[in-house]
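Subject: Structure for your files

Hello,

Please find the structure below, with the sequence. My notes on it follow.

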Amino acid sequence: MEPLKVLSPEMQKEAEALKKEWAENPRWKGVRRDYTAEDVVRLRPSVQVEYTLAKRGAEKLWQLLHERPYVHTFGAYTGAMAVEMVRAGLEAIYLSGWQVAADANLAWQTYPDQSLYPANSVPQIVKRINNALMRADMIERSEGKVTRDWYVPIVADAEAGFGGALNVFELTRAMIEAGAAGIHYEDQLASEKKCGHLGGKVLVPTAQHIRTLQAARLAADIMGVPTVIIARTDAEAATLITSDIDERDRPFILKGERTPEGFYRVKNGIEAGIARALAYAPYADVLWMETSKPDLEEARRFAEAVKREFPDKLLAYNLSPSFNWKKFLDEETIAKFNRELGAMGYKFQFITLAGWHTLNYYTWELAKGYKARGMPAFVELQEKEFLAQAQGFTAVKHQREVGAGYFDEVVLALTQGEASTLALKGSTEEAQFNEPVH
């Protein structure tokens, strides 16, 4: 082993303060770290950078998860989507890797959810969403009244980490720099990663995913941000695993069955998901078992198994559009689904791909109507926008919505009110969209 490195008195003092924080702050109750405070301090830069949006978001998310019966949201992948979600009252944003793969990645490609896109794509969308929320806040401040806290927490999908522990470490750092409040990692093999509702999923050994969670926590500790770490297991449906090295995995490995790639075949199901969740619990803030269908009884079995050993551990649930909801549930059960999950301890609930489905369906609906009827199809949409203003919708004034008025205020500040080139003054928006809202 490498000899222990001696810290300077100043660094040792910092390490002692960190140990005290971990021991006394309720935020860290039940959180295990297999590294030391000295490790964290030694790996920090001499100038500790503040990551305000990430830190504030993580603290707010943690508070909401404990104060609300549940926090429910869905996946956004544009700034405008996120702004409208917050304006409508949602208290968090989910950022799905599936949606980034499909339509928002830095390769400018359409991909399935198989980690084919550049690893820095999701951090860039986190930054984009935070910038959009910041612009909405700045517009309202320039108008003299801020109507809400625009900086809602963003929970971002880090997939299977795009590689080993060092990839996870760097991806977590990028997420925090971009302003993510929570991050989830799944226990699939990164090089074979699949959407939770595709076939061919390959698990990594339990111990390997624990290293992933530890790498994420170490990165957050070094950066001084209480990032909410979410551990996802795909063991309920996965059929393969890379190795039989971890004794915790052996009860689920089918003896003598190997694939051409060398993977072991495993028995999947809720028992496998529970076993993995219990192993991950000390290293994660929230546990998530990906499921094959919406099933309250299955959700209850998982929750009760976790709560027996970790009564304070928070749970998450994917209300996936991959499910044909009415095939499995009646309207009454669908109506109570969120409440029932919340009562079981599923404090973070999210529709992963709702943004993608919304954009596609309503674009298709407008295009179909416009093709058949021309302008009446759009005017019907516009009339719905006008009516929605009474409930707080503001995007009907699209120039104002993206900051034309804000930058007019910048010009007025620079010219002390003497500018003749203001954008909104004399615009069609000013002339035609300023009638009172009824």
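**Aromatic rings**

Tyr317, Phe323, Trp325, Phe337 and Tyr346 are joined into a cluster by ring pairs. Rings of Phe, Tyr and Trp (its six-membered ring) are taken as a pair if their centres lie within 6.5 Å; planes under 30 degrees apart are called stacked, over 60 edge-to-face, and the rest tilted.

This is a predicted model, in which local features need pLDDT of at least 70 and side-chain atom pairs count only at pLDDT 80 or more, while totals for chains, interfaces and linings use all residues. Residues are numbered from 1 along each chain as its sequence is written, and side-chain values use heavy atoms, with hydrogens and water left out.

Searching the whole structure gives 14 aromatic pairs. One of them is Tyr361 with Tyr362, an edge-to-face pair at 5.1 Å centre to centre and 80° between the planes. Tyr361 is partly exposed, with 41% relative accessibility, and Tyr362 is exposed, its relative accessible area being 52%. Here buried means under 20% relative accessible area, exposed over 50%, and partly exposed in between (1.4 Å probe, protein chains only).

Two arginines also sit over rings. The charged end of Arg27 is over the ring of Trp62, 4.0 Å from its centre, and Arg258 lies over the face of Tyr264, 3.9 Å from the ring centre. The criterion is NZ of Lys or CZ of Arg within 6 Å of the ring centre and within 35 degrees of the ring normal.

**Asp157**

UniProt lists Asp157 under "binding site", in an unreviewed entry; its positions are given in the numbering used here, feature names are shortened, and annotations may be inferred rather than shown by experiment. Asp157 belongs to strand β3, residues 154–157 (strands are DSSP runs of E, at least two residues, numbered from the N terminus). Asp157 is buried, at 4% relative accessibility. Leaving aside residues up to four places away in sequence, its contacts include Tyr94, Trp98, His184 and Glu186, contact meaning heavy atoms within 4.5 Å.

**Domains**

The chain is assigned domain 1 (49–351) and domain 2 (359–433), with bounds from an automatic or database domain assignment. Their contact takes 11 residues from domain 1 and 12 residues from domain 2. The area buried between domain 1 and domain 2 is about 950 Å², 53% of it from carbon and sulfur atoms. On the domain 1 side, Arg87, Arg135 and Ile139 lose the most area to domain 2, together 46% of what that side buries. Buried area is the accessible area (1.4 Å probe) that two parts lose on being put together, summed over both.

Regards

Conventions: Helices (H or I, at least four residues) and strands (E, at least two) are DSSP runs, numbered from the N terminus.
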